[in-house]
Amino acid sequence: MASSQQSISRPTVAAKPDAIPWMTISVVLTALFMAVLDSFIVVVADPSIVADLHASDSDVQWVLAGYQLSYAVFIITATRLADLFGRKRIFLLGMTLFTLSSVACALSPNAGSLIAARVVQGLGAALMVPQVFAYVTVLVPAARRHSVYGVLGIVMGMATIGGQVVGGLLIGADLFGSGWRLVFWVNVPIGIAMLLLAVRYVPETGPAAARKLDMPGVLVLSTALFLLVLPLIQGQQAGWPGWVWACFAGSAVAFGLFVAIERSLERRGGDPLVPPALFGQRSFSLGIVLVLALYALIYSYYLALSVTLQQGLGMSALGAGLVHTPAAIAFFVFSMVASRMIPKYGRRVLEVGAIILASGYLATGLLLVSGPRITPLLVIPTLILQSVGGGLVITQALNTVLSHVKPESAGVASGVLSTAQQCGGAIGVAVIGAVFFGSFHPAAAGRVAAAGHAFAVASFGTFAIAVMAGVVVFLLPKRPAAQA
């Protein structure tokens, strides 16, 4: 056992001290792209799933929610499992689960089996994602890490923005009559290829000394996250009954107990699941708030837009996906611009991006309430404006936050931030979703007019969240740690 631990503790590094192991990074970033994409690609597939499986609205919601819930609940625990058993082993396990569950999703004969497969798929994503951030921090020299974080941010952003486009194209292609199932089948050949490449090119890394699993922390944190995310996902559709608020109260108590457990363990010289000292870093604490806000507006806005285009304007999944295409291109271009500007201008890039992002949401709302009937051509220009801002701020936010985290804390820090992404998404969908659907009354005003009004209200709501994110951006360190 000792020899096994020693083999885990020696990371494989690049031959040159300033070299970036791009093959390794490419493999793990592809896994990250798949995990993030599957959070969004299902949104555009919802109408097709309803028609094919005769699923209820609750069933369809759980197709998305089951993935989010298992992803959010288990991702921090996955970081410690990697510390115990090695990052490569956990990464390969996650990729295997993700690929096999994608097969199960594609073959699902009914809504229940699809939901169960999505829960397992979320667990696979939870095992993969924190290892991606950890590999970047451990294998990439600090002086060059900002460029890799820039690429990482672009990958996450393109998976987020491009999910609607990819989903629409795949469903529209309808290869072999597969319909919506193709959004899951596409994961299978990619997953198999990444498994083979990971065995060859992804090194095994781990801690310098053996660490123990903080089982009380795992159980209490998992309970706290479950009690938080479940009512956020189900509350709006259920009408916010008493059990939802009981869950929120129980979550607050569980989080308080978790903090007490972790502080006590740290004082005794143990290995807390999430070191309390991590939150003493101002950039990291602010980063959590920023990630919560950014992903709250991204998840909720694209859900509202998908419903507006498909249920309001009667567009197909392919047509709705094509509406996103110009914005996706703008996002990619300005993500590349941001990655080149961050080393020189630091936080100013994020500041400009936050202002443009908020302006895009405000412009959409003002345009729709000024009188014109909503059409795809009407919203495309403001979607592009939002993507210009998002490319500048979203892709570089993680760079700014994680660049101040010590390498030995990279895994858990990335796990916390990834959990914040999922929780932020759930919060955004709950809040903006309630605002949107509460304003969507097609029976009274007609579908097109009702969708335009509801989308305008949702745009103002996301504008408020974007302003909050902008305030946090102005409080972040002016430069990534490697450039300071």
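A: In α2, M23, T24, V27, T30, M34 and D38 meet N187, I190, G191, M194, L197, A198 and Y201 of α8. Meeting here is contact, defined as heavy atoms within 4.5 Å. By class, this contact of α2 with α8 has eight nonpolar, four polar and one charged residues. Ala, Val, Leu, Ile, Met, Phe, Trp, Tyr, Cys and Pro count as nonpolar; Asp, Glu, Lys and Arg count as charged; the others, Gly among them, count as polar.

The model is predicted: local features need pLDDT of at least 70, side-chain atom pairs count only at pLDDT 80 or more, and totals for chains, interfaces and linings use all residues. Residues are numbered from 1 along each chain as its sequence is written, and side-chain values use heavy atoms, with hydrogens and water left out.

Now the geometry. Two packed helices are described by the angle between their axes and the distance between the axes. Helix α8 covers residues 187–201. Helices (H or I, at least four residues) are DSSP runs, numbered from the N terminus. α2 and α8 pack at an angle of about 150°, with their axes 10 Å apart. Axes are lines fitted to C-alpha atoms, for helices over the stretch in contact, and angles run from 0 to 180 degrees between N-to-C directions. α2 and α8 are therefore roughly antiparallel to each other, a label for angles over 145 degrees. α2 passes α8 in a left-handed crossing: the near helix is turned anticlockwise from the far one by less than a right angle.

What does α2 meet in α5? Helix α2 spans residues 22–53, and helix α5 spans residues 111–139. Their angle is about 160°, and their axes lie 8 Å apart. That makes α2 roughly antiparallel to α5. Again, α2 passes its partner α5 in a left-handed crossing. From α2, T24, I25, V28, L29, A31, L32, A35, D38, V42, I49 and L53 take part. They meet A111, L114, R118, Q121, A125, M128, V129, V132, Y135, V136 and L139 in α5. This contact of α2 with α5 has 18 nonpolar, two polar and two charged residues.

One more residue touches this story. Q422 sits in helix α15, residues 410–439. Q422 is buried, with a relative accessible area of 2%; buried means under 20% (1.4 Å probe, protein chains only). Leaving aside neighbours within four places in sequence, Q422 is in contact with S39, Q68, Y71, A72 and Y299.

How values were computed:
Helix = DSSP H or I, 4+ residues; strand = E, 2+ residues; numbered from the N terminus. Parallel < 35°, antiparallel > 145°, perpendicular 65-115°, else oblique. Buried < 20%, exposed > 50% of the residue type's maximum accessible area, 1.4 Å probe, protein only.
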